Amino acid sequence: MGATTAEAPQAAPARRRKKTGAAGAPKTPWWLYVVVAAIVVFCLFPFYWMINISLKTGADLTSGKAYPPSPTLANYESIFQNGDFTRALLNSAVVSVTTTVLALVVGSFCAYALARLRFRGKFPILALVLSITTFPAIAIAAPLFRLWSDIGIYNTWIGLIIPNLTFALPLAIYILVSFFKEIPKDLEEAALVDGATYFQAFRKVVVPLAAPGLATAGILTFIGVWNEFLFAITLTSSSSARTVPAAIAFFTGSTQFELPLGTISAASVVISIPLIFLVLFFQKRIVAGLTAGAVKG
Amino acid sequence: MADATTSVTEAAPKQTQPPRRSKGLSERRLAFLMVSPSMLLIALVAAYPIGYGIWLSLHEYSVRVAGLSRWAGLRNYTTALGDSEWWAAFWHTMIFAGASVTLELVIGLGMAMTMHAAFRGQGILRTVVLVPWAVLTVVTAVMWRTMFQSPLGFVNTILGTDTVWLGDEPYALIVIILADVWKTAPFMALLILAGLQVIPSEIYEAAKVDGATAWQRFTRITLPLLTPAILVALIFRTLDALRVFDLPFVLTNAKSGTSTLSTIAQETFASNRIYGLGSAMAVLTFLIVMAVSLIYIRTVGGNIRGLAED
């Protein structure tokens, strides 16, 4: 990379090169465009193929054509008439939103204390929190499979919200600590000098300033829970609590020979599109959150 | 770890105390009140199930009489470790983790370098690259199924083969690896890109002046300076790969040589209702993952310590 720029007679200074298309910026070599195009195809083509399948029915499905010869929305109509799928959307929404809100509320207190207040034992707490995010879900799912039946919350929303919190809460805490750390301390100090209590300083100064951090932690937690699969299939037994990923898997699993892949693809497209828009809309925040959670942390 | 903590906390109070003491709750009490709900919840939703899982794994359960159980000691563990199917799942998981993480690193590094170098395409790339990450894992599985399953997909048509990709032994695992690479290489790229962007460009300029070739700049500057970011991303991804469940479950029903540590444990306790053995397998997975996790926590220990500082 940059091989051509190296030989350019007068290499532009680094700061100017950052500006795309600025006059005097070195030309992007042609092969770089090829690589960029290859990456775009790599990322988007599988999604295109699934859309392609979702618009086909009957004989078209098995035609192997790269475009639907007679595009139809029949698959989309059928999934919205499927009570199991619409119920799964509701289940997913309830479980994801509840888990996210709980994780953010409880987690933001903990994260604030870790980021700002002086007390002993921060390091072990953070190490514990981080190590829980690496737990294999199977180690929680196995005991809960029995425990939930014993206490009667097998196949319920609450039975899914609790194990999802296991991972959502540490994730939220971890992302929030690094965001709280970045808020300048002076503002809080000023509030304290003006007579605010610590709790007022937290609620009136830190929380509003931390709104972008809360949004990031919220989105990442939400996506994590929306994506969750192992609990969703292990701790449910019917469509009354089954979330979208589990519902899609059960479309798949029921008949091995004649898979309704057109319908499954349509369902997959439907649930992916809002998520893709959410991610694209909050791009910057998500990338910041991911790097806070993994690279820095 | 323990002495590091004390040194950090002991170093803290020496700083000049701002005039804070009188108002509201004391700092330490407030900290306790703010931290304890999370800690209680974590104890309830993480520590308790894991403890109960270990207890389950040390017992045997009657198939005929519900609720009847007896102490089994480590028998479930010896059964699991003597089971060739468990070892098959173990090796599938290891191959999956090794292959997918390596490919993700190579492709992710290439993508990150491209994003870093491409002035015009950067915006588009940053957006496009998030699409695979945003797609649900289950949907990823469906997607790769539509591409590889014979009459629907195009893979056999293009290659001119009639391979049963999802039903034959080495191929099914290959498809699962490819699906995972597709979904996560972009994520890896974003992490590496973040690392690339903090390398000061002056270093490159200086190297150019000294006559270093592009390859030399890559191997002598970029790679060494990226190593910390790459290392964290690698361990992070390895931890994820060792827990893999969704892709084999949906793509191949964990059949055809694609069973993993998580799928075999889940099948044993949920489908076959052998609670003791299934729990033992889950605990074994937990131990394997936690061993890698320890390495992870040690690697990022400096960062955690940074966050823990006042």
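The loop between helix 11 (246-252) and helix 12 (261-271) of chain B holds A254(B), where helices are DSSP runs of H or I with at least four residues, numbered from the N terminus. This is a predicted model, in which local features need pLDDT of at least 70, side-chain atom pairs count only at pLDDT 80 or more, and totals for chains, interfaces and linings use all residues. Residues are numbered from 1 along each chain as its sequence is written, while chains are lettered from A and ligands numbered from 1 in the order in which they are written.

A254(B) is not a glycine, yet has a positive phi of about 55 degrees. S256(B) lies in the loop between helix 11 and helix 12 of chain B and, although not a glycine, has a positive phi of about 50 degrees. A254(B) counts as buried because it has 23 C-beta neighbours inside 10 Å. S256(B) has 21 such neighbours inside 10 Å and so is buried. The cut-offs are 20 or more other C-beta atoms within 10 Å for buried, 12 or fewer for exposed, and in between for partly exposed, with C-beta atoms placed from the backbone.

Next come the two chains together. In total, 108 residues of chain B are in contact with 103 residues of chain A; contact means that C-beta atoms, placed from the backbone, lie within 7 Å. On the chain B side, helix 2 (residues 27-57) gives the largest share, 17 residues. That side has 72 nonpolar, 22 polar and 14 charged residues. Here Ala, Val, Leu, Ile, Met, Phe, Trp, Tyr, Cys and Pro count as nonpolar, Asp, Glu, Lys and Arg as charged, and the others, Gly among them, as polar.

L280(A), in helix 15 (residues 261-281) of chain A, is in contact with T127(B) and L130(B), leaving aside neighbours within four places in sequence. L280(A) is partly exposed because 15 other C-beta atoms lie within 10 Å.

The last topic is the core. A nonpolar core is a set of buried Ala, Val, Leu, Ile, Met, Phe, Trp, Tyr and Cys residues joined through C-beta atoms within 7 Å. The largest one has 181 residues, and A141(A), A172(A), A189(B) and I192(B) have the most contacts inside it. Helix 8 (residues 169-197) of chain B supplies the largest share of this core, 17 residues. Not counting residues up to four places away in sequence, A189(B) touches G108(B), M111(B), A112(B), M115(B) and V129(B).

Terms used
Helices (H or I, at least four residues) and strands (E, at least two) are DSSP runs, numbered from the N terminus. Two residues are in contact if their C-beta atoms, placed from the backbone, lie within 7 Å.
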